[in-house]
Amino acid sequence: MAKIISPSLLSADFLRLGDECQMLNRSAAEWFHLDVMDGVFVPNISFGMPVIGAVRKMTNKVLDAHLMIVEPERYITNFAKLGVDFLTVHCEATVHLHRTLQAIKAEGMRAGVALNPSTSLWAIEEVLPEADMVLLMSVNPGFGGQKFIETTIDKVKRLRRMIDERGLQTLIQIDGGVNTHNAKMLFEAGCDVLVAGNAVFGSDDPVKTIEELLK
Ligand SMILES: O=C(CO)[C@H](O)[C@H](O)COP(=O)(O)O
Ligand SMILES: [Co+2]
């Protein structure tokens, strides 16, 4: 199992985005989490292609884009051209999920599927072999800095069993309300990748916080 931190740039200081990227480059974080919101799938609008293109120029680390947009299949080629490595779509946002995951991989990216807190794991059972990663939302998507929904821990354990029983290599990512108090327990429950926004960028020493999240 992997042990990766993917800081969410949603909580970064956008006026100092270049400095924030350089800070992450110096840190133990292996991935950059990029939250794209359209104001339709979620009640918030964040950033899109120009910002991701600028971030790509600032780092060689893995770009992990989390699309909170309806019909994400319309933009797969755009994100591939920007140099995104992992492209994650919500299962609630696309009608033909299997086709969408295949299209992401056909563009040379790794394919992720995300589930809202209210969505059962059965929603992705049939596409699990197609997914390089499953993102479990541990807050309702749309905003950083929310409280972790505790029932997600059991969901992580059940997903870990589903993946292991089938002999798959699918990564489990958890996103929302992750902090230095729950990180260890989340890795132990079976997560491979922890997203952390507010916990990293809201701390006095983000580089040290990332190290603490990995302990
Ligand atoms: O997808 C997201 C919100 O929809 C963010 O990635 C998530 O909220 C991370 O922020 P925080 O760690 O502050 O909860
Ligand atoms: Co996210």
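1. With 24 C-beta neighbours inside 10 Å, Asp 35 counts as buried, where the term buried asks for 20 or more other C-beta atoms within 10 Å of a residue's own, exposed means 12 or fewer, partly exposed lies in between, and C-beta atoms are placed from the backbone. This is a predicted model, in which local features need pLDDT of at least 70 and side-chain atom pairs count only at pLDDT 80 or more, while totals for chains, interfaces and linings use all residues. Residues are numbered from 1 along each chain as its sequence is written, and chains are lettered from A and ligands numbered from 1 in the order in which they are written.

2. The protein has eight helices and eight strands, these being DSSP runs numbered from the N terminus, with at least four residues (H or I) for a helix and at least two (E) for a strand. Its radius of gyration is 16 Å, close to the 17 Å that the globule rule gives for 215 residues, so the protein is as compact as a globular protein of that length; the radius is taken over C-alpha atoms, and the rule is 2.2 Å times the number of residues to the power 0.38. Of the 215 residues, 43% are buried.

3. Which residues does the UniProt annotation "active site" cover? According to that unreviewed entry, they are Asp 35 and Asp 175. They span 141 residues in sequence, yet no two of their C-alpha atoms are more than 10.5 Å apart, so they gather at one spot. UniProt positions are given here in the numbering used for this model, feature names are shortened, and annotations may be inferred rather than shown by experiment.

4. Asp 35 has its place in strand E2, residues 31–37, whereas Asp 175 belongs to strand E7, residues 171–175. Asp 175 is buried too, with 25 other C-beta atoms within 10 Å. Leaving aside neighbours within four places in sequence, Asp 35 has contacts that include Ser 8, Ser 46 and His 66, and Asp 175 has contacts that include His 66, Leu 135 and Val 195; a contact means that two C-beta atoms, placed from the backbone, lie within 7 Å.

5. The strands form an open sheet of eight, in the order E1-E8-E7-E6-E5-E4-E3-E2, with parallel pairing, and two strands count as paired if DSSP finds at least two bridges between them. Strand E1 (4–7) and E2 stand at the edges with a single partner strand each, so one side of each is left without a neighbour in the sheet.

6. What is the bridge partner of Asp 35 in E3? The partner is His 66, while Leu 34 has Ala 65 as its bridge partner in E3. E2 and E3 (residues 62–68) pair in the parallel sense over seven bridges, and E3 is mostly covered, since six of its seven residues are buried.

7. In helix H4 (residues 97–106), the buried residues are Leu 97, Thr 100, Leu 101, Ala 103 and Ile 104. They cover an arc of only 160 degrees around the axis, which puts them on the same side of H4; the arc is that of the directions from the helix axis to the C-beta atoms. What covers them includes helix H3 (76–82), strand E4 (86–90) and strand E5 (110–115). Just after H4, Gly 108 takes a positive phi of about 90 degrees.
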